[in-house]
Amino acid sequence: MKKGFTAALAAELDLSREAAIKLRNVMAALIEQGLKETGRVAIPGLGVFRIKTTKAHRVVCFGRGAMTIPAARTVHFRASKDLKRSIQPMKRGPYLRPTQP
């Protein structure tokens, strides 16, 4: 998707391939910087990136026995309502059914 996203960005904004790559890298760097500073980055119409912390915990693997998973920080993304709505198929209800002739 990274290559396709860059090509679509270049075509949509009439940019060269190099300029589109630079724009994509700047966007990624700004999101990374925002996450490091505040732990949360909101992009209107797209969603919210935030840092999620998991605690250390023990799990049992059948082949290896008990293991301890260390605590970690990961990036979590929550899509905006507009984005979720745009990818859902249109719901058909009684008010959307065609009328009988």
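Why does Thr6 count as buried? Thr6 counts as buried because its relative accessibility is 5%. Buried means under 20% relative accessible area, exposed over 50%, and partly exposed in between, with a 1.4 Å probe and protein chains only.

1. **Ground rules.** This is a predicted model, in which local features need pLDDT of at least 70, side-chain atom pairs count only at pLDDT 80 or more, and totals for chains, interfaces and linings use all residues. Residues are numbered from 1 along each chain as its sequence is written, and side-chain values use heavy atoms, with hydrogens and water left out.

2. **Confidence.** pLDDT is the predictor's confidence in each residue, from 0 to 100. The protein chain averages 87. A score of at least 70 is reached by 85% of the residues. Helix 1 has the lowest mean among the elements, at 85. Strand 1 (residues 40-43) has the highest, at 96.

3. **Layout.** The protein chain has three helices and five strands. From the N terminus, their order is α-α-β-β-β-β-β-α. Helices (H or I, at least four residues) and strands (E, at least two) are DSSP runs, numbered from the N terminus.

4. **Thr6.** This residue sits in helix 1 (residues 2-13). Contact means heavy atoms within 4.5 Å. Leaving aside neighbours within four places in sequence, Thr6 contacts Arg17, Ala20, Ile21 and Arg24.

5. **Ser80.** Look in the loop between strand 5 (72-79) and helix 3 (81-87) for Ser80. Ser80 is buried because its relative accessible area is 17%. Not counting residues up to four places away in sequence, Ser80 touches Gly45, Leu46 and Gly47.

6. **Whole chain.** Buried residues make up 14% of the 101 residues in the protein chain. Take the contacts between residues at least 6 apart in sequence: 26% of them join residues at least 24 apart.
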